[in-house]
Amino acid sequence: MLFPRAILAALVAALTAAGAARAEDPCADYTPEPRPQNTSRQDVGADLDQIVDRGYITFAVYADNAPFSWMDKGKPRGVDVDVARLIAGELGVEPRFNFVQAGENLRADLRNNVWKGPVVGGAVSNVMMRVPFNPKFACRVDQVVFTGLYARESVAIAYREDAYPDGAPTVPYFRYDAVGVENDSISDFYLTSFPGGQIAPNVHRYPSTAGAMAALARGEVKAVMGPRGQLEFARAAGTAITEPPMPGFAVGHWTLGVAIQTAHRPLAYAVDDAIAAALADGRIGAIFTGYGLTPALPDR
């Protein structure tokens, strides 16, 4: 599963809508709505003491999102899953995983999985993994603490080296060459919206980035565009990966962290401390390497 287009679209909107804000204050252009009076305190989920007392912590992770989170023969696997296990280990509790589908947008995912819960079935989790962080967006969701930055992701292009013997392709090459994408992904949206519709006829859509990479190995397309981590994980012999300039792409890379219900600040501090320690001593970098990925670590 490609990183959900709806989530990245929310980041694009947050960046463009807040463009006039002062650089030193990402929240300068936002005026919070008045808080309702005489209402009960919103306290969903469990606080740090409750988690330690009961002996486990729950994590929301995206389903079918290899190499970051997926079920492999009935067992949770992936970079996000292993980072979550690391957090649980630092807290001295057992990790439990709720595999969730991407919602309509990031706000919906946070509402359903962090601070309120879905309308039908399911439950909130103590921590949601792989949450894109943007200060301008964070200002507008005060039910959630955005913390624990542990990774970066970027959009890249995988290509057949025999198709481009003179060097890596750039986006304009796809006016003439077939390029694969996951259907209805941010890469699909970008390439089909490229000025003048020049690339759209050459965009080949597949159910997943892994499917597109398999088509690349078969020679059905000359290149695939998608998140670098997924391209690396599915990369076959004879292919290479590049990150060329992408004209008009508002969000070509982003930072990832966790989301926690805002009432549980001590838990948020403990999770962030666990991640900071694991970044500093190389454990998170080793998780990436273990899945055959280039460590994509954030600036904190």
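Residues are numbered from 1 along each chain as its sequence is written, and side-chain values use heavy atoms, with hydrogens and water left out. Because the model is predicted, local features need pLDDT of at least 70 and side-chain atom pairs count only at pLDDT 80 or more, while totals for chains, interfaces and linings use all residues.

Of its 300 residues, 48% are buried, where buried means under 20% relative accessible area, exposed over 50% and partly exposed in between, with a 1.4 Å probe and protein chains only. Among contacts (heavy atoms within 4.5 Å) between residues at least 6 apart in sequence, 75% join residues at least 24 apart.

Two packed helices are described by the angle between their axes and the distance between the axes. Here the axes are lines fitted to C-alpha atoms, for helices over the stretch in contact, and angles run from 0 to 180 degrees between N-to-C directions. Helix α3 (residues 79–91) packs with helix α9 (residues 265–280) at about 110°, the axes being 9 Å apart. The two helices are therefore roughly perpendicular; angles of 65 to 115 degrees count as such, those under 35 as roughly parallel, those over 145 as roughly antiparallel and the rest as oblique. From α3, the residues L86, I87, E90 and L91 meet L267, A270, V271, A274, I275 and A278 of α9. By class, this contact has 9 nonpolar, no polar and 1 charged residues. Ala, Val, Leu, Ile, Met, Phe, Trp, Tyr, Cys and Pro count as nonpolar, Asp, Glu, Lys and Arg as charged, and the others, Gly among them, as polar.

Helix α3 also packs with helix α10 (residues 283–290), their axes coming within 9 Å and crossing at roughly 150°. That angle makes α3 roughly antiparallel to α10. In this contact, V79, D82, V83, L86 and E90 of α3 face R283, I284, I287 and F288 of α10. The residues involved divide into 6 nonpolar, no polar and 3 charged.

Not counting residues up to four places away in sequence, T147 touches G257, V258, I260, A268 and D272. With D272 there is a side-chain to side-chain polar contact at 3.3 Å, that is, a pair of N or O atoms within 3.5 Å; within protein, one must be able to donate a hydrogen and the other to accept it, and residues adjacent in sequence count only if both atoms are side-chain atoms.

Most residues other than glycine have a negative phi, and most peptide bonds are trans. A cis peptide bond, with omega about 10°, joins A66 and P67, and P67 lies in the loop between β1 (56–62) and β2 (70–72). K73, in the loop between β2 and β3 (75–77), has a positive phi of about 55° although it is not a glycine; at 82% relative accessibility, K73 is exposed. In the loop between β7 (179–182) and α6 (186–192), D184 also has a positive phi, near 60°, and at 48% relative accessibility D184 counts as partly exposed.

Definitions and conventions
Helix = DSSP H or I, 4+ residues; strand = E, 2+ residues; numbered from the N terminus.
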